[in-house]
Amino acid sequence: MAEPGQDKPSPQNLPPLLFQPRATSLLRGLLAAGALSVAGAGAVALAYYHSSYWNGLGLRREQPVLFSHRHHAGELGIDCRYCHATVETSAFAGLPSTNTCLTCHSQIFTTTSMLRPVVDSAVRDQPLVWRRVNALPDHVYFNHSIHVAKGVGCTTCHGDVGAMPLTAKGETLTMRWCLDCHRNPAPRLRPPNEIFAATWRPPADQAARGAALARQLNVHTSQLTSCSTCHH
Amino acid sequence: MNAPLAHAEPLVAPGESARSIDARISRVPLDFPHPVLWWLGFAAAFAVVMVMLTAITWVFVRGVGIWGINIPVAWGFAITNFVWWIGIGHAGTFISAILLLLHQHWRTSINRLTEAMTLFAVACAAMFPLLHLGRPQYFYWLLPYPDTMGLWPQWRSPLVWDVFAVSTYGIVSLVFWYLGLVPDLATMRDRAGPAWKRRLYGVFALGWRGAAQHWRHYERVYLILAGLATPLVVSVHSIVGMDFAVAILPGWHSTIFPPYFVAGAIFSGFAMVLTIVIPLRALYGFKGYVTDRHLELMAKVLMVTGWIVAYGYFSEFFTAWISGEEFDRFMVINRATGPYWATFWTLITCNVIVPQALWWRRLRRSASGLFVVSLLVNVGMWVERYVIVVTSLHRDFLPSSWGMFNGTKWDWALFIGTLGFFSALLFLFVRVLPALSMTELKRFVVTGEETE
Amino acid sequence: MPPPFPHPLLRRDDEFAPGSESWPEGMSRRRFLELMAASLALAGLGACNRPPDGTIVPYVVPPDREMLEDALYYATAMPWDGYARGVLARSHSGRPTKLEGNAVHPDSLGATDALTQAAVLALYDPDRSRAPRRGGQVASWARFEDEWLGVHRDLLSRHGRGLALLTEPTTSPTELRCIHALLDRLPAARWFQHTALARFDRDGRQDDYDFGRADVVLAVEADFLFDHPSSLRYARAFASRRRVEGGRVNANRLYVIEASPSVTGSMADHRLAASPAHARRLLAALGDLLDGNKPSPALAHEERRVLAALARDLQGKAPNVVCVAGESCDDAVRDWCAARNARLGAACVTHHALPAIRSDADPRSAGDLGAAVQAMQAGGIDTLVVVGANPAYTAPADLEFARAMARVARRIHLGSHVDETAALCPWHLPEAHFLEAWSDLRAYDGTASIVQPLIAPLYGSRTAAEFIGFLAAPAGRNGYDLVRETWQHHGGADFEAAWVRWLNTGVVDGTTASRSKPTAPAKAPDLRAGASSSGVMLTIRPDPTVRDGRWANNAWLQELPKQNSQLVWDNAVFVSPTLAATLQIENGDVVQLSVAANGRSPISGRTEPARSAGSTNPNEGPTVEGPAWIALGQADDCVTVSLGYGRTAAGRVGNAVGFDAYPLRQSASPWAREGVTVRKLGRRHALVSTQTHFAMEGRDIVRVALASDPAGTAGRPPETPPSLYPPVEYPEYRWGMLIDLGACIGCKACVAACQAENNIPVVGKEQVGLGREMHWIRVDRYHSTKPGEPPVLHQPVPCMQCENAPCELVCPVAATVHSSEGLNDMVYNRCVGTRYCSNNCPYKVRRFNFLDFRAPADSPVNLQKNPEVTVRARGVMEKCTYCVQRINAGRITAEKANRRIRDGDVRTACQQACPTEAIVFGDLNDPAARVVARKAEPTHYALLEELNTRPRTTYLARTTNPALAGANRGDAA
């Protein structure tokens with residue numbers, strides 16, 4: 001039937017309809033939908049992996065102690081280095097030992113239930129087991145000491161910790177995010193005396209100040225974007 | 001399309017009519033002749049597919065270390081197979097696109113089959129770049145997409161070009177093949193018995209009614225696609241050739257590679273077409289459509305491309321000699337006389353000496369003879385890729401790091417497995433679709449009433 | 001004491017998400033999971049970085065602040081044949097992770113050898129003895145102490161009669177003090193000493209040499225550059241006479257007479273391959289030449305030429321000449337050399353004497369193993385305490401130690417492993433590794449070092465001193481007190497201050513022995529006597545990597561290519577090409593070595609008993625079967641085997657590897673046998689070497705410069721070819737390396753150091769055989785046949801860090817890219833494993849994880865891993881990075897102080913280990929950098945320069961100083 005050159009088809013010698021007329025539009029619809037869903041899936045996946053959900057922004061985990069950075073760092077204004085003692089000397093910023101807590105809390109709130117786990121830890125000589133909030137993959141070599149030495153403040157990467165009742169991840173910490181700063185650190189650099197300031201906001205003329213700081217602390221961006229700076 | 005040249009030997013045996021063509025070709029999928037033979041063949045192929053799946057699973061579990069690869073020979077069977085399969089895939093577009101544009105009407109009786117073959121070969125080839133990765137789970141890093149790492153592929157690497165070349169080629173071949181199928185699918189729809197079959201073919205026939213308007217669109221699109229596909233015939237294997245030519249390794253670093261890879265591809269492609277079409281036409285009585293003349297024409301293509309390949313070999317030796325470059329000279333001498341001399345002489349025999357037999361017309365028209373030749377060329381072309389990959393690597397610049405490569409049982413399992421996969425797909429193809437293009441053949445019916 | 005586990009916060013030694021990679025030897029369930037993981041990953045879910053729900057654990061009570069610092073170094077010393085080798089041990093949060101040389105220690109001078117590098121792995125050896133054992137059953141120290149109390153009471157009653165103590169000779173003052181204390185307490189007890197290795201003292205003196213001053217050196221079977229307690233010091237001095245500086249070199253000339261290729265032999269300007277017997281003939285002839293007599297004619301033309309030149313040189317350059325006889329030479333040869341040195345005036349110029357530092361000849365010692373066996377057979381011993389030694393494996397066959405030992409009722413063994421000897425002892429007790437022990441040792445020149453622990457004993461083991469101290473007085477004192485007590489009165493007024501100083505520097509000041517005039521017989525003995533041997537001889541040598549077998553369970557050393565053959569995971573019977581041809585032997589053919597039962601041991605005409613442990617047929621004498629290796633430079637009339645293999649109780653690594661050569665050993669002649677027959681058996685054994693092709697194919701790979709005219713003979717230095725592209729700028733630092741082939745002796749310390757620093761996995765014999773070894777730096781070995789070139793050429797090859805790196809442009813995912821300082825970065829976590837980079841690397845320095853080569857997660861060896869270097873997973877390419885982790889550490893320190901990195905701040909692991917300072921690394925932008933000065937030498941060249949890869953690692957030509965051009969062919973015979 002499909003060949004050309006036959007007699008004109010007429011209603012009589014037509015076979016019974018194989019498809020209803022709407023079948024065509026249905027098929028077209030399906031094709032369009034298929035194409036769309038493929039594209040859509042890609043778009044969704046991208047959005048998801050870039051989302052703050054996937055990167056765990058603001059994600060709070062249940063901790064052994066209801067510790068509030070807002071209270072300690074924000075309201076009381078305790079210096080970051082009091083607890084994170086090796087941040088200026090070592091790759092690892094340091095996590096306060098139970099004893100560090102007890103320097104104050106052997107005097108105050110000693111009996112509160114909130115402090116119970118800390119006291120137990122000291123008494124039983126069992127460490128407190130915190131759950132990680134900020135983690136980098138194992139193949140990333142991050143060094144706190146050089147960052148604070150070169151004008152990168154705590155809150156630049158850890159978010160507004162001084163305002164966090166329960167600590168949560170402040171930035172995505174994705175490689176893209178790291179690179180943004182490594183390519184152009186100036187906008188985020190602060191003067192050495194501001195590094196540990198809990199609430200630092202870039203001043204109006206940060207562009208100029210940052211550039212000046214970069215020169216003063218001789219921050220070389222050329223080398224900052226080499227792979228081996230963070231991966232070896 | 002213009003009518004066939006009168007003086008030429010007919011492309012469709014006399015006595016064939018439009019109806020007889022439809023009947024003879026469509027009956028293969030519809031009436032399923034020789035079921036026993038088909039089932040035996042398919043079962044065998046399917047068993048080999050299982051071998052392939054085992055080999056793939058084991059690679060994922062243990063890593064590519066189960067193969068014979070090492071330092072210095074870090075590429076082995078996987079890349080050899082990849083290049084070989086991609087090469088075979090070339091006959092398809094060459095016949096569909098280039099011969100179409102050149103008005104080589106004899107293509108009509110084999111283009112359907114070769115296009116199918118192309119798709120299946122590309123399917124086999126496409127596996128290897130993935131499987132040979134040390135960490136295949138990260139294959140998608142070769143694709144450009146805005147990741148959270150702020151990284152992109154490294155565009156200077158030919159492997160990235162491969163990704164695009166091969167995927168484009170695969171898609172275009174698929175569309176081309178499907179487009180050519182549409183009118184035939186309509187025929188199948190109309191000839192199929194049970195309603196479900198007619199519906200199934202019907203869906204894919206996209207409501208083809210053979211209206212003049214349909215034909216106009218069909219012809220136009222087909223021509224345009226042919227135009228689009230033509231550069232691909234050249235591009236894909238040129239880029240595969242560059243996978244090697246870009247490297248500084250003696251035996252790889254050669255400007256002749258892109259053209260010579262393309263020629264080699266068509267060479268092996270036609271060999272594979274012959275290997276498939278000869279048994280097929282005997283089994284399903286297609287001798288009327290794939291005539292001895294077709295065989296002869298394919299044999300001629302085989303000869304020509306064979307000569308281009310031979311020139312490629314020669315030029316490698318010549319440039320090595322004339323350049324006076326010690327590493328290149330050592331490479332060619334090592335190929336011919338080194339530990340892998342046997343492979344080298346196998347490829348010379350299969351790809352250069354054997355095709356010379358085709359000067360002999362009797363052979364060009366003898367199905368059995370051509371079958372043997374085509375098999376040998378298939379072997380020769382695989383060995384050629386093996387020689388290029390392995391013998392160039394195993395002895396390069398510093399003698400201290402020279403080594404040897406031997407394929408392990410897993411290397412062979414995967415290679416043979418893809419052969420099974422390829423044939424299994426072919427079996428399914430002839431089972432459900434018209435193996436030859438009825439629509440196009442009908443144009444060349446020589447009994448009085450001429451189409452169009 | 002730091003905790004013996006990695007600090008949870010600093011744990012960084014597992015790169016990839018668990019499950020996303022596969023384990024070769026996993027359970028089937030695990031495989032299934034991996035499969036799932038792989039397919040999931042393929043579905044695109046691989047790159048999971050949702051914050052991991054990990055935990056983070058602070059201290060309850062913080063240790064010293066520095067505990068949290070990134071890495072700490074402690075000065076200590078490791079025992080090498082009982083002598084001290086000073087080291088700085090690196091500790092990461094309490095884990096010893098690497099040993100480095102101690103610059104102020106006389107036998108280190110800041111360098112190390114391969115053994116020292118591998119010693120840290122021994123600490124974490126999973127097969128170490130972990131508990132006391134009674135009759136094979138796990139027991140406790142307490143139980144042993146109780147039992148010993150009884151024994152001790154009983155022994156006291158008979159003043160210790162029947163007690164025999166068998167130790168290895170030691171230099172440790174504290175251990176000696178404890179032994180003497182034991183002998184004081186139990187006067188009738190007897191103390192024997194045994195080592196299968198060389199003894200360095202003769203009649204109360206040790207020979208010492210000054211190779212920095214010697215213009216002409218004759219080494220007879222003496223591998224002083226490699227196999228000597230002071231080899232590092234000697235190598236440094238020797239190399240100082242090979243280094244081209246300012247275009248000139250004040251070169252010495254080294255003549256070597258030896259049977260089998262050695263490290264020292266590979267550096268010879270003229271080398272004569274000769275069996276010990278033939279060596280005597282050569283020396284006799286040399287003596288004649290020196291005395292102006294006509295030499296005996298029975299020598300080859302080549303030999304006569306070389307000897308003539310040698311005689312000329314010795315007389316011409318006296319007194320700055322020295323003849324060195326190896327410890328394996330018999331007394332006549334050693335006397336001959338001593339006498340010649342005296343005659344030539346070398347004594348006190350280049351040849352000195354030191355007092356005996358090791359306890360071999362300690363007056364209170366009752367003798368060696370032979371004496372011990374006699375005593376045991378005599379039945380006078382009812383309690384035998386073996387400390388450290390492993391005589392059941394290392395005893396010469398003729399002593400039949402096991403049989404004698406069986407006659408002793410009470411047998412106690414202290415050792416690091418449950419070894420062959422432990423198997424014969426009802427009581428086995430675990431001995432502490434030196435990194436977990438308080439002790440002390442003396443260097444070859446007497447300089448004492450305090451051995452301080454970096455970590456608490458992992459398995460409650462004790463040191464020899466603690467143990468012997470307890471045997472003497474069951475009160476038992478800990479090592480710390482014992483050592484301090486020993487030195488109490490040395491420190492002068494302020495002991496505590498001195499103590500701290502000693503611990504900091506690693507040496508106890510004022511302990512170096514004074515050198516004196518060496519004793520020498522008035523007249524050189526006549527060596528013609530006894531030199532009349534015929535037929536094939538056998539020489540026995542300690543293995544270059546596993547020594548007498550004590551290192552057999554150290555995987556790093558098993559996989560370290562042997563310095564003399566590039567073989568791994570095996571020992572072999574070395575035969576010369578000529579002998580191989582006559583016997584139709586090929587590499588890997590198993591041959592049988594048998595010594596005629598009445599075969600005279602060389603020289604001393606005494607015949608020996610036919611009975612032997614290894615004997616297959618009593619009236620045939622000892623036989624041993626092992627695979628043959630055709631060694632260029634092997635003497636035709638001599639085959640050589642190395643000790644330390646074929647062990648049965650070494651551990652999972654060392655068991656059943658290679659063949660045991662001890663059955664061929666005789667206490668009378670431990671190093672050589674005569675009348676050896678070599679029979680080819682039908683069998684073959686797969687020998688695996690990391691290099692299969694030793695010819696340079698006429699390519700410009702290793703250049704050789706004549707010391708007489710380095711500039712003129714070294715060929716042209718590299719120049720930068722024109723380019724279409726603008727040159728790349730490296731404004732900050734431009735790291736570069738120079739390798740001085742003139743100084744390199746091919747000891748492979750760099751290979752081991754790199755393995756320790758960069759967490760390089762061990763892959764095993766089979767994988768190496770497939771060509772999958774993982775070493776980032778290799779030492780290529782070429783055999784040159786060009787006249788005028790040394791027959792053996794060494795070439796260390798790390799990543800060249802090409803400026804036009806061919807690997808970089810072919811990587812599809814930019815996993816290997818150029819850093820702003822010109823490093824060729826390799827980003828493991830970005831690598832997808834196409835291996836294209838390796839194919840395109842003309843130097844083939846890239847290594848690929850074909851399988852998962854990581855140690856199982858629960859293996860203690862993971863504690864050695866350097867936390868600053870990623871542990872690479874399966875399917876990832878890796879390579880040398882110039883120790884970029886060190887560059888970064890150095891940069892961070894410098895940047896924090898707001899200064900530039902100074903030359904020498906950053907030293908790569910290979911550079912640090914190199915005993916001859918052949919490897920120099922630094923910033924090419926710093927005009928004052930040493931590397932810049934060295935690269936200005938006229939012998940400077942780049943490997944495969946014509947490829948325009950512009951390597952940052954370049955070479956100085958090998959310098960050679962032949963007396964007769966074209967005659968320095970060691971393998972001429």
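Colleague: Let's begin with chain A and chain C. How many residues does the contact take from chain A and from chain C?

Modeller: In this predicted model, chain A gives 52 residues to the contact and chain C gives 49 residues. Between them, chain A and chain C bury about 4,600 Å², with 54% of that area on carbon and sulfur atoms. A:Trp54, A:Arg132 and A:His232 supply 15% of the area that chain A buries against chain C, more than any other three residues.

Colleague: And how many salt bridges are there across the interface of chain A and chain C?

Modeller: The rule finds one salt bridge across that interface, and the side chains that meet in a salt bridge are those of A:Lys150 and C:Glu895, at 2.8 Å from N to O. As for polar contacts, the count between chain A and chain C is 20 residue pairs, with both residues at pLDDT 80 or more.

Colleague: Which elements of chain A each supply at least two residues of the side that touches chain C?

Modeller: They are α4 (98-105), α5 (116-124), β1 (130-131), α6 (144-149) and α10 (221-224) of chain A. The largest share of that side, three residues, comes from α6(A). By residue type, the side of chain A that touches chain C divides into 21 nonpolar, 23 polar and eight charged residues.

Colleague: You listed a strand there, β1(A). Which strand of chain C do bridges join β1(A) to?

Modeller: Two bridges join β1(A) to strand β1 (residues 55-56) of chain C, and these strands run antiparallel. Within that pairing, A:Arg131 has C:Thr55 of β1(C) as its bridge partner.

Colleague: OK, over to chain B and chain C. How many residues does that contact take from each chain?

Modeller: That contact takes 60 residues from chain B and 66 residues from chain C. The area that chain B and chain C bury between them is about 5,300 Å², of which 58% is on carbon and sulfur atoms.

Colleague: What is the count of salt bridges between chain B and chain C, and which side chains meet?

Modeller: The count between chain B and chain C is one salt bridge, in which the side chains of B:Asp396 and C:Lys844 meet at 2.8 Å, N to O. The rule also finds 32 residue pairs in polar contact across this interface, both residues at pLDDT 80 or more. On the side of chain B that touches chain C, α2 (35-62), α6 (158-191), α8 (212-245) and α11 (326-337) of chain B each supply at least two residues, and the largest share, six residues, comes from α2(B). The residues of that side divide into 41 nonpolar, twelve polar and seven charged.

Colleague: Now salt bridges in general: how many does a search of the whole structure find?

Modeller: Over all chains the search finds 80 salt bridges. One of them is between C:Arg550 and C:Glu168, whose closest N and O atoms are 2.7 Å apart.

Colleague: Where do C:Arg550 and C:Glu168 lie in chain C?

Modeller: C:Arg550 lies in the loop between β21 (536-541) and α17 (555-559) of chain C, while C:Glu168 lies in the loop between β7 (163-167) and α4 (173-185) of chain C, so the pair ties together parts that are 382 residues apart in sequence. C:Arg550 counts as partly exposed at 38% relative accessibility, and C:Glu168 is partly exposed too, with a relative accessible area of 21%.

Colleague: What about C:Arg358 and C:Asp360, are they buried or exposed?

Modeller: Both C:Arg358 and C:Asp360 are buried, and they form a salt bridge with the closest N and O atoms 2.8 Å apart. C:Arg854 and C:Asp852 are likewise both buried, and their side chains meet in a salt bridge at 2.9 Å, N to O. There is also one network, in which salt bridges that share partners join C:Arg90, C:Lys98, C:Glu100, C:Glu757 and C:Arg886.

Colleague: Last topic, strand β11 of chain C. Which way do its residues point?

Modeller: C:Val216, C:Leu218 and C:Val220 point one way from β11(C), C:Val217 and C:Ala219 point the other way, and all are buried. In a regular strand the side chains alternate between the two faces of the sheet.

Colleague: And which strands does β11(C) pair with?

Modeller: β11(C) pairs in the parallel sense with strand β14 (residues 321-325) of chain C over five bridges, and with strand β12 (residues 253-258) of chain C, again in the parallel sense over five bridges. C:Val216 has C:Val321 as its bridge partner in β14(C) and stands opposite C:Arg253 in β12(C).

Technical notes:
Residues are numbered from 1 along each chain as its sequence is written. Chains are lettered from A and ligands numbered from 1 in the order in which they are written. This is a predicted model: local features need pLDDT of at least 70, side-chain atom pairs count only at pLDDT 80 or more; totals for chains, interfaces and linings use all residues. Side-chain values use heavy atoms; hydrogens and water are left out. Contact means heavy atoms within 4.5 Å. Buried area is the accessible area (1.4 Å probe) that two parts lose on being put together, summed over both. A salt bridge is a side-chain nitrogen of Lys or Arg within 4 Å of a carboxyl oxygen of Asp or Glu. A polar contact is a pair of N or O atoms within 3.5 Å; within protein, one must be able to donate a hydrogen and the other to accept it, and residues adjacent in sequence count only if both atoms are side-chain atoms. Helices (H or I, at least four residues) and strands (E, at least two) are DSSP runs, numbered from the N terminus. Ala, Val, Leu, Ile, Met, Phe, Trp, Tyr, Cys and Pro count as nonpolar, Asp, Glu, Lys and Arg as charged, and the others, Gly among them, as polar. Two strands pair if DSSP finds at least two bridges between them. Buried means under 20% relative accessible area, exposed over 50%, partly exposed in between (1.4 Å probe, protein chains only).
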